Amino acid sequence: MKVLITGGAGFVGSHLAEKYLERGDDVYIIDDLSTGTLENIKHLQEDENHRNKLFVTIDSILNHDIMLELVGTCDVILHMAAAVGVQYILDNPLLSIVTNIKGTEVVLELCNKFRKKVLIASTSEVYGKHTHAPLVETDNIIYGPSTKFRWSYAAAKLMDEFTALAYHRTKKLSVVIIRLFNTIGPRQTGRYGMVIPRFVQQALRNEAITVYGDGTQTRTFTYVGDVVGAITKLIECSDAIGDVTNIGGAEEITIGNLAERVKEITNSTSEIKFISYDEAYTKDFEDMQRRVPSIEKIEKLINWKPTTNLDDILNKVIDYCRVNE
Ligand SMILES: NC(=O)c1ccc[n+]([C@@H]2O[C@H](COP(=O)([O-])OP(=O)(O)OC[C@H]3O[C@@H](n4cnc5c(N)ncnc54)[C@H](O)[C@@H]3O)[C@@H](O)[C@H]2O)c1
């Protein structure tokens, strides 16, 4: 099978590329390296078992001609490319909206043209400001005002979901939409606001571990290997077509406790410092207090549950950062 992974030089995309190459598939990647890096796929390009089956194009998904060729060539499209990370979205508000709305439109239009199955990566951010748990795919959505730019990411991804569902309803296109909750593991960068790589890097350098807000906000974290396993199964599950499915973990932790855990596991002498959101970001920022997925649907669809616990994931990230930072 030929698999096109948009954003394949990114964190999740590079793990997907590895998985499909290991299965013996041909993997095509398009990435503009805006947040991804060739370092993420260098080991695949250098591996003699993989290098003849890996085809990398450095370009934008907004380049219609290139995308026409790639979508036409491949059997399945995994659309992971996006402007991501709170910091990146706040720093690049217009480009982020264009990438996340127009880019997905290009992907869907071409998948429809060539009748190719497509998976669209959406996000738990789509749920907005809920405080209840767990979040179910059919829940209502609550956002802050449009002057707070952090919501533009959620709104753009929501629009991607609507567009994909509209292609399914009107054109019978095979689309699978996933809402990823915080996914972590080696190769995720802390540069754009991702919390775990940032905490680990600070702890390893014995610098202050900076918790934004009062640290009572909670998250769940899922290992990228578990997520990739879910994606490869979901794209082959006929009951997932034309629908939205959460992928995430169930182990809820406050960000304050997460900082403590990272400090303990790394044996760091770092102090834990609390910084207000206004200081950390800008006035465009609002946080979500809680984000825990219901995984009832995915369990029913593909009998999936995350199997890697938080301490094991943290150890994998710490080992990676010790070697690569
Ligand atoms: N990692 C998470 O916790 C998480 C959570 C929710 C949703 N997601 C979604 O999963 C997908 C992958 O995220 P990730 O964590 O791997 O982030 P990432 O930044 O590592 O990956 C995104 C990739 O897309 C590429 N890209 C951006 N704009 C592009 C463009 N115009 N053309 C081509 N490539 C472009 C980037 O260079 C990068 O390699 C995204 O769609 C994201 O919204 C991730």
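Visitor: Which residues of helix 7 are buried?
Guide: The buried residues of helix 7 are Val 195, Ile 196, Pro 197, Arg 198, Phe 199, Val 200, Gln 201, Gln 202 and Ala 203. A residue is buried if 20 or more other C-beta atoms lie within 10 Å of its own, exposed if 12 or fewer, and partly exposed in between, with C-beta atoms placed from the backbone. Helices (H or I, at least four residues) and strands (E, at least two) are DSSP runs, numbered from the N terminus. The model is predicted: local features need pLDDT of at least 70, side-chain atom pairs count only at pLDDT 80 or more, and totals for chains, interfaces and linings use all residues. Residues are numbered from 1 along each chain as its sequence is written.

Visitor: How many of the ten residues of helix 7 are buried, then?
Guide: Nine of the ten are buried, so helix 7 is largely enclosed by the rest of the structure.

Visitor: And what covers them?
Guide: The cover of these buried residues includes strand 7 (183–184), strand 8 (209–212), helix 9 and helix 12. Contact here requires two C-beta atoms, placed from the backbone, within 7 Å.

Visitor: At what angle do helix 7 and helix 9 pack?
Guide: Helix 7 (residues 195–204) and helix 9 (residues 255–265) pack at an angle of about 40°, and their axes are 9 Å apart. Axes are lines fitted to C-alpha atoms, for helices over the stretch in contact, and angles run from 0 to 180 degrees between N-to-C directions. The angle makes helix 7 oblique to helix 9. Angles under 35 degrees count as roughly parallel, over 145 as roughly antiparallel, 65 to 115 as roughly perpendicular and the rest as oblique.

Visitor: Which residues make that contact?
Guide: Helix 7 contributes Val 195, Phe 199, Val 200 and Ala 203, while helix 9 contributes Ile 255, Leu 258, Ala 259, Val 262 and Lys 263. By class, the contact has eight nonpolar, no polar and one charged residues. Ala, Val, Leu, Ile, Met, Phe, Trp, Tyr, Cys and Pro count as nonpolar, Asp, Glu, Lys and Arg as charged, and the others, Gly among them, as polar.

Visitor: New topic: how many residues surround the ligand?
Guide: The ligand is surrounded by 29 residues, and the closest are Gly 7, Gly 10, Thr 35, Gly 36 and Ala 82. A residue is near a molecule if its C-beta atom, placed from the backbone, lies within 6 Å of it.

Visitor: Which element gives the largest share of that shell?
Guide: Helix 1 gives the largest share, three residues. By class, the shell has 14 nonpolar, 13 polar and two charged residues.

Visitor: What about the backbone: which residues have a positive phi without being glycine?
Guide: Most residues other than glycine have a negative phi, and most peptide bonds are trans. Leu 33 has a positive phi of about 60°, and Asn 303 has a positive phi near 55°. Leu 33 sits in the loop between strand 2 and helix 2 (39–46), whereas Asn 303 sits in the loop between helix 11 (296–302) and helix 12 (310–324).

Visitor: Why does Leu 33 count as partly exposed?
Guide: Leu 33 counts as partly exposed because it has 13 C-beta neighbours inside 10 Å. Asn 303 is exposed, with 8 other C-beta atoms within 10 Å.

Visitor: Where is the cis peptide bond?
Guide: The cis peptide bond joins Ala 133 and Pro 134, with omega about 0°. Pro 134 lies in the loop between strand 5 and helix 6.
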